[in-house]
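Please consult both while following the points below.

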Amino acid sequence: MATTYIAALTGSNRRQVGRFVEQHGLTEIAASRPGPCPLRVPVTGQINGKPWRKHVDFNEAADLMRHLGTAATIILLYLTGMRPQEVQGLRSGCCPAPEPSDDGTEGQHLIHGHHYKNVTDDDGNHISAGEVRQVPWAAITPVVHAIRVLERMVPKGELLLSTAHHEFHSRHGYRGAMKQDTMAQRIESFVTWVNREAEAQELSGQSIPDDPHGALGLGRFRRSLAWHVARRPGGLIALAIQYGHMRTVLDARTSSGYGARSRRGIHAILDVETALAAADTAARLRDRAAAGEKVSGPAARRALTAAAQTPRFEGHIVPRTFARKASTFLARDGIVLYDNPDAFLICAFKHDNALCEPEPGATAPRQYDCRPGCGNTIRTDTHARLLRERADELDQFADHAPAPVGKRLRVNASRLRETADTHDSTAHTAEVLT
Ligand code: SF4
């Protein structure tokens, strides 16, 4: 019997409900005629335009809250680049609404984390509550939303991942933030729940496949973020913008004080991944040119020279000393090559030529805002082929789209074909160019 639910509905206490249930033999009746326990909360979430639940059930609410907390934790881990222990130390109120800047635009959300090591009072006694760290983290919109969700689960000033509030149904009087083991288990159980839900909602394409490297754990998120920011996945526009935006936020080190000691970790990882991706791009360009592919674009000569001089990374064993080398490698303006699969080009990034308006001093382009006609562009025959394949794909979409959308898709397709034709008519072999 859902005693607590009935007590809340009828305004009685659990003992009264228990007595009533016993007197009237309701347990047997409920077992033979089971029914739902709908909560009186509106269902606003939708999947494919339909409410994702008819109602939220009392018996499911605690599980849903647990998974929501886990989802918010994953976003924090994945889209800030924080270490797990740094996320564990966040408190409600850590990300206040920013003051509007002088020109009226909304300022950047910042996360003020706590640190605990070597925090002492005037008498030299350790302060176990720690203190707010001087250097804040920059937060992008999904992260701010995740923090707001967690802030609704815990009281003001409490740890966002406080055990007492996230494990509220446990009888143990745990204190402090959830342990990393618990969080890792929660992530696994979240994956199971997502897959079950995807099947129930007939969205098998959205299920999370088994990971050949085992359980997800917490440590992988930071490195994965750097990998994606460095390589930008093609296809998913929202993700590309998100990762692109993350790079801008992280690159704020060049123009602000966030480059201090405590942010060095994620920047070093990002530099390493970006340098490896750039070296891969250079190697690919060299291989294509050697195989006889022609190259076009205003930066073609510069890119071919750079590709010839860039070392090839055959393996990815990254020693600690590589981080500094990676940062020096990326600082060579004009000769670092960035693959941009979404724009079907390679960007030989030279800061002064860039039309995507990178931050002053940035060592990477804002590829998600790549503009046609930029002096850093180069294309190979492979890019021209991919442009035509994409144009054919758009034409196919256009055949099945409403007229105005179809028209726009066809205009885009013909623009892509024109770009491929321009490549064909202006491209030269590497021997001619160098
Ligand atoms: S606009 Fe220029 S610099 Fe920016 S990503 Fe595109 S090619 Fe590179």
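Leaving aside its neighbours within four places in sequence, with which residues is Thr 73 in contact? The contacts of Thr 73, once those neighbours within four places in sequence are set aside, are with Val 87, Leu 161 and Met 183. The model under discussion is a predicted one. It comprises 16 helices and ten strands, and 39% of the 434 residues of the protein count as buried.

**Overall contacts and the helical region**

- Among contacts between residues at least 6 apart in sequence, 61% join residues at least 24 apart.
- Thr 73 belongs to helix H4, which covers residues 58-80.
- The relative accessible area of Thr 73 is 6%; because buried means under 20%, Thr 73 counts as buried.
- In helix H1 (residues 3-10), the residues Thr 3, Tyr 5 and Ala 7 are buried.
- The cover over the buried residues of H1 includes helix H2 (14-24) and H4.
- Gly 11 follows H1 and has a positive phi, near 75°.

**The four-stranded sheet**

- Four strands form an open sheet in the order E7-E10-E9-E8, and their pairing is antiparallel.
- Strand E7 (295-296) and strand E8 (337-340) stand at the edges with a single partner strand each, so one side of each has no neighbour in the sheet.
- E8 and E9 pair in the antiparallel sense over four bridges, and Tyr 338 stands opposite Cys 347 in E9.
- The hairpin of E8 and E9 has four residues between the strands, and in this hairpin Phe 344 takes a positive phi near 55°.
- Strand E9 (residues 345-348) is also paired with strand E10 (residues 377-380), in the antiparallel sense and over two bridges.

**The ligand and its surroundings**

- The ligand takes up the space of the largest cavity.
- Around the ligand are Cys 347, Phe 349, Ala 354, Leu 355, Cys 356, Pro 365, Gln 367, Cys 370, Arg 371, Cys 374, Asn 376 and Thr 377.
- This shell divides into eight nonpolar residues, three polar residues and one charged residue.

**Loop residues with positive phi**

- Which loop holds Asn 48? Asn 48 lies in the loop between strand E1 (46-47) and strand E2 (50-51).
- Although it is not a glycine, Asn 48 has a positive phi of about 50°.
- Is Asn 48 buried or exposed? The relative accessibility of Asn 48 is 67%, so Asn 48 counts as exposed.
- Glu 357 is placed in the loop between E9 and E10.
- Glu 357 is likewise a residue other than glycine with a positive phi, near 55°.
- The relative accessible area of Glu 357 is 55%, and Glu 357 is therefore exposed.

Conventions: Residues are numbered from 1 along each chain as its sequence is written. This is a predicted model: local features need pLDDT of at least 70, side-chain atom pairs count only at pLDDT 80 or more; totals for chains, interfaces and linings use all residues. Side-chain values use heavy atoms; hydrogens and water are left out. A residue is near a molecule or strand if one of its heavy atoms lies within 4 Å of it. On a 1 Å grid over the protein atoms alone, a cavity is a set of points where a 1.4 Å probe fits but cannot get out, and a pocket is an open set with protein on both sides within 12 Å along at least five of seven lines; lining residues have an atom within 4 Å of a point. A molecule sits in a cavity or pocket if more than half of its atoms lie within 2 Å of its grid points. Ala, Val, Leu, Ile, Met, Phe, Trp, Tyr, Cys and Pro count as nonpolar, Asp, Glu, Lys and Arg as charged, and the others, Gly among them, as polar. Two strands pair if DSSP finds at least two bridges between them. Buried means under 20% relative accessible area, exposed over 50%, partly exposed in between (1.4 Å probe, protein chains only). Contact means heavy atoms within 4.5 Å.
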